[in-house]
Structure formats: C-alpha cells, structure tokens
Amino acid sequence: MSPDFHCRSCGNREGELILDLGIQPLANNLLRPEDLDKPEPRFPLRLFACRRCWLLQLADLVPPVELFSEYLYFSSFSDAMLRHAEAAAGRYVPEFGLGPASRVVEIASNDGYLLQYFQRAGIPCLGIEPAANIARVAREKGMETLTRFFTAAMARELVAARGRADLILANNVFAHAPDTNDFTAGLAALLKPTGRVILEFPYAADLIERTEFDTIYHEHVFYFTLTALRPLFERHGLAIVRVEHLPIHGGSLRIFVAHADTCPVDRSVTELQAEEQRGGVASLSYYQGFADRVGAVVADLGALVRRLRAEGRSMAAYGASAKGSTLLNFAGLGPETLDFVVDRSPHKQGRLTPGMHLPILPVEQLLVRRPDYAVLLTWNFAEEILGQQQAYRAAGGRFILPIPRVSVV
Ligand code: ZN
C-alpha cells in the first residue's frame with residue numbers, strides 16, 4: 001500500500017513513485033508584473049505508476065478552477081497545430097462519411113482551430129471548452145461553443161437536448177480530466193451506436209523512453225499507454241479499434257474508439273499492444289531508471305548553461321510553454337542564467353514565467369537583443385522554430401535543445 005496513492009482508473013491502492021519533481025508552480029500560470037507581490041500557488045508534482053493497471057498518474061491534484069479559469073494557450077498560434085488539424089479533418093470527413101446530417105462534437109475545442117475545418121465542410125459542429133476567454137474567441141469566429149467541463153452528467157444533458165454524436169474529438173484533454181471513469185462514461189453516453197471517438201494525447205512510452213519529463217505538469221493527470229487504456233475503455237463498454245503513433249508533441253497516440261463489438265479491431269491495436277508487452281510496459285522495471293535519466297539530463301543542461309554563463313555568454317529561452325515551466329523549475333534555471341523568454345503569443349508577452357519569473361517578450365526580440373544562446377523549451381516544435389529563426393542563427397545565435405539529450409544547434 002502507498003498511503004498517497006489511489007488509482008483513478010482501477011481503484012487499486014498499490015502505486016509506485018516513479019518521479020518526484022518537487023513542489024512546482026502551475027505551469028500555465030503566467031504572472032502579471034503586479035502578481036509578484038502575491039504568494040504564488042505551488043503544489044507537489046509526483047508521478048506514480050499503478051501496480052495493477054500500470055496507468056501513470058499524478059498523486060496530487062490541483063483544484064480545476066486554479067488550472068483553467070484563465071487559460072493562455074491558443075492552439076491557432078502554432079502553424080504546426082493548424083496543419084495537423086486541417087489534415088485530420090480532411091481525412092475524417094470522407095472516412096466516416098460525414099455530411100450536413102452528421103454531428104461532430106469536440107471536447108476542449110480551444111479557439112476552434114480544429115472544428116473550423118469541419119464547419120467549412122458544412123458539418124454541424126459543437127465545441128466544448130472550459131476556458132471562458134478561449135471559448136469567446138471560438139464564438140467570435142462563428143463556432144458554437146459551450147463554456148463547460150465535459151462530464152458524464154453533461155454528456156447526458158447534451159444527448160437529451162440534441163441527440164448523440166457521430167464523431168467526438170478530444171485532443172490533449174483526456175489526460176487532463178482527473179475523474180477518468182466519469183469522462184469515459186460521458187464519451188460512451190454521447191456516442192452514437194455506430195460513431196467514433198478519436199482521442200490524442202502524449203504517449204507515455206515515448207515519455208519514458210525519451211526522457212520527456214517536461215511533459216509532466218499538474219494539468220496532465222495521466223500519461224497513457226495502450227496497456228493502461230484498454231481496461232478503462234472496456235469498463236465503459238467501449239473498445240479501442242485503431243491506433244496511430246504520431247510524432248506530434250514528442251510522440252502522441254491517436255486512438256479510435258467505438259462501442260464494444262460494433263466493428264472489427266484493427267491490427268494496429270494488437271501490434272502496439274504486443275510491442276508494449278515486449279517492452280515491459282506492464283512491469284516495474286520499465287519505469288525504474290527513469291528518474292535517474294531525468295536527473296542526468298537536468299545535470300547536463302545545468303552544467304552547460306552555467307559554463308556558458310561563466311564564459312560571459314548571454315542566454316535566453318524560446319517558448320513560454322507549460323513544459324518549459326517544468327523544465328526551468330526542476331532544473332533551477334532562472335534570471336541568474338537566462339535573461340528572458342520569447343513567445344509568439346501576444347497573450348503571453350508582458351507576463352512572467354511561473355516560479356522563475358523570467359520576462360516574456362515577443363519573438364522579434366531574439367534578433368534585436370541577440371543572446372548568444374537560446375534554450376528551446378518548445379523542442380517539440382523544433383523543426384518549425386529553427387526554420388523560422390534562420391536570421392537569428394545566421395547572425396550567430398545558437399539553440400540549446402534540452403530533450404531527449406542536451407545538444408547545441
Ligand atoms: Zn490502476
């Protein structure tokens with residue numbers, strides 16, 4: 001028995017501490033300069049593995065109001081996210097025969113970056129987005145959006161008022177919902193008998209194998225493998241019928257879910273399941289050693305940055321992202337080594353990063369101030385960003401990539 005552990009999927013009380021990231025600020029709580037006088041909320045950040053279903057999860061929860069009432073991540077500020085969304089919509093419309101009589105519901109629809117492509121194809125859409133400021137942006141673009149958290153009760157309400165959905169999309173939200181059984185029951189309730197749910201989330205096997213510890217922050221309660229997901233869906237009469245392993249966000253899974261026994265299960269599911277079994281995902285040894293590898297990455301990064309600073313080099317960071325917050329705070333990199341962070345989103349500019357309080361400036365400042373090095377906190381968009389920053393690099397600027405191992409480009 002682990003006194004702090006209670007698996008949110010299977011209810012087991014035996015859990016193993018995999019990584020302790022200490023007491024961390026909320027990764028998306030970008031401060032205004034006037035907030036510096038107030039205490040900054042901080043919470044423990046500890047990753048456990050369930051010894052029965054092997055679901056990786058945080059042991060300590062933060063009240064959702066603290067997390068989502070004002071959210072500053074607008075998906076449309078990434079070109080890569082928009083391309084990913086357009087390609088997905090362009091594929092699902094013909095594949096699932098969607099048309100004017102269908103209904104698509106997206107959970108955590110953000111600023112409408114994905115639904116807009118369905119809407120343009122003439123398919124009735126509904127977005128569900130708990131962050132009021134982001135839902136407003138979607139509505140201004142003409143996307144019907146409910147400012148709500150998705151729960152089983154809410155799903156039943158929707159079914160009573162408008163009927164079920166042919167396609168339910170939920171990208172990068174399934175790992176955020178602490179009551180995962182309630183969320184999954186909601187998917188089952190809202191889905192038409194022949195419909196599909198498509199979920200995307202960071203893949204825990206990539207996180208473990210590539211030391212992507214900065215994917216861990218309070219909003220991400222769960223880190224899923226197929227092994228851990230199957231019992232969760234089965235409990236609610238659902239089945240994973242296809243899976244795709246995507247490179248986005250350092251490695252994600254896209255799973256296609258249907259009501260159990262309504263369609264054949266694709267080979268991709270049995271193949272990935274077998275791969276996970278061979279890799280040892282359902283055994284403790286797979287997770288042991290992760291904390292040591294994380295410690296090595298953080299030590300390498302700290303040593304490089306401090307050496308460069310001692311040599312008189314100037315340094316900044318790129319990307320005021322949530323993962324950047326985990327990395328900076330756990331590595332202890334603050335104003336004594338990094339002068340500022342740049343970010344493309346005007347919603348973030350003028351604020352300060354959580355915990356370390358680095359000022360967030362527009363990306364153009366990289367060329368204006370020309371730090372010798374920039375730590376690329378959004379390494380998951382490295383290709384896109386390195387392409388955009390050719391002028392900075394041509395002027396002698398270098399990027400430090402922290403993950404999966406520290407390198408300079
Ligand atoms: Zn469990």
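Me: In which helix does Ala391 lie?

Reply: The model is a predicted one. Its protein chain has 14 helices and 17 strands. The helix of residues 390-394 contains Ala391, and this is helix 14.

Me: Is Ala391 buried, partly exposed or exposed?

Reply: Buried requires under 20% relative accessible area and exposed requires over 50%. Ala391 has a relative accessibility of 45%, so it counts as partly exposed.

Me: How many Å apart in space are Ala391 and Arg42, C-alpha to C-alpha?

Reply: In sequence, 349 residues separate Ala391 and Arg42. For scale, the C-alpha trace of the protein chain spans about 65 × 50 × 40 Å along its principal axes. The C-alpha to C-alpha separation of Ala391 and Arg42 is 38 Å.

Me: What radius of gyration does the protein chain have, and which value would a compact globule have?

Reply: The chain has 409 residues, and for that number a compact globule would be near 22 Å. The value for the protein chain agrees with this, because it is 21 Å.

Me: What percentage of the residues in the protein chain is buried, and what percentage of the contacts joins residues at least 24 apart?

Reply: Of the 409 residues, 59% are buried. The contact figure covers pairs at least 6 apart in sequence. Among these, the share joining residues at least 24 apart is 68%.

Me: How many Å apart are the mean positions of the positive and negative charges?

Reply: The protein chain has 42 positive and 46 negative charges. A mean position is taken for each set, and the two are apart by 2 Å.

Me: Which residue of strand 7 is the bridge partner of Val105?

Reply: The open sheet of seven strands has mixed pairing and the order 6-5-4-7-8-11-10. Its edge strands are strand 6 (145-146) and strand 10 (238-246). Strand 4 (residues 104-107) and strand 7 (residues 165-171) run parallel, joined by three bridges. In strand 7, Val105 has as its bridge partner Ile168.

Me: Where does Pro404 lie, and what is the omega of the peptide bond from Ile403 to Pro404?

Reply: Strand 16 and strand 17 (residues 407-408) pair in the antiparallel sense over two bridges, and a hairpin of five residues joins them. Pro404 is in the loop between these strands. The peptide bond from Ile403 to Pro404 is cis, with omega near 5 degrees.

Me: Which residue of strand 16 is the bridge partner of Ala374?

Reply: Strand 16 (residues 398-401) runs parallel to strand 15 (residues 373-376), with three bridges between them. The partner of Ala374 in strand 16 is Phe399.

Me: Thr211 has a positive phi; is Thr211 buried or exposed?

Reply: The phi of Thr211 is near 55 degrees, and the residue is not a glycine. Thr211 lies in the loop between helix 7 (204-209) and strand 9. Its relative accessibility is 6%, and because under 20% is the cut-off, Thr211 counts as buried.

Me: What is the phi of Arg370, and what is its relative accessibility?

Reply: Arg370 is in the loop between helix 12 (365-369) and strand 15. Its phi is positive, about 45 degrees, although Arg370 is not a glycine. Arg370 counts as partly exposed, because its relative accessibility is 48%.

Me: Which residue with a positive phi follows helix 4?

Reply: In helix 4 (residues 132-140), Asn133, Ile134, Ala135 and Ala138 are buried. Strand 6 is included in what covers these buried residues. The residue that follows helix 4, with phi near 90 degrees, is Gly142.

Notes: Residues are numbered from 1 along each chain as its sequence is written. This is a predicted model: local features need pLDDT of at least 70, side-chain atom pairs count only at pLDDT 80 or more; totals for chains, interfaces and linings use all residues. Side-chain values use heavy atoms; hydrogens and water are left out. Helices (H or I, at least four residues) and strands (E, at least two) are DSSP runs, numbered from the N terminus. The radius of gyration is taken over C-alpha atoms; the globule rule is 2.2 Å times the number of residues to the power 0.38. Buried means under 20% relative accessible area, exposed over 50%, partly exposed in between (1.4 Å probe, protein chains only). Contact means heavy atoms within 4.5 Å. Lys and Arg count as positive and Asp and Glu as negative; His and the chain ends are not counted. The place of a charge is taken as NZ of Lys, CZ of Arg, CG of Asp or CD of Glu. Two strands pair if DSSP finds at least two bridges between them.
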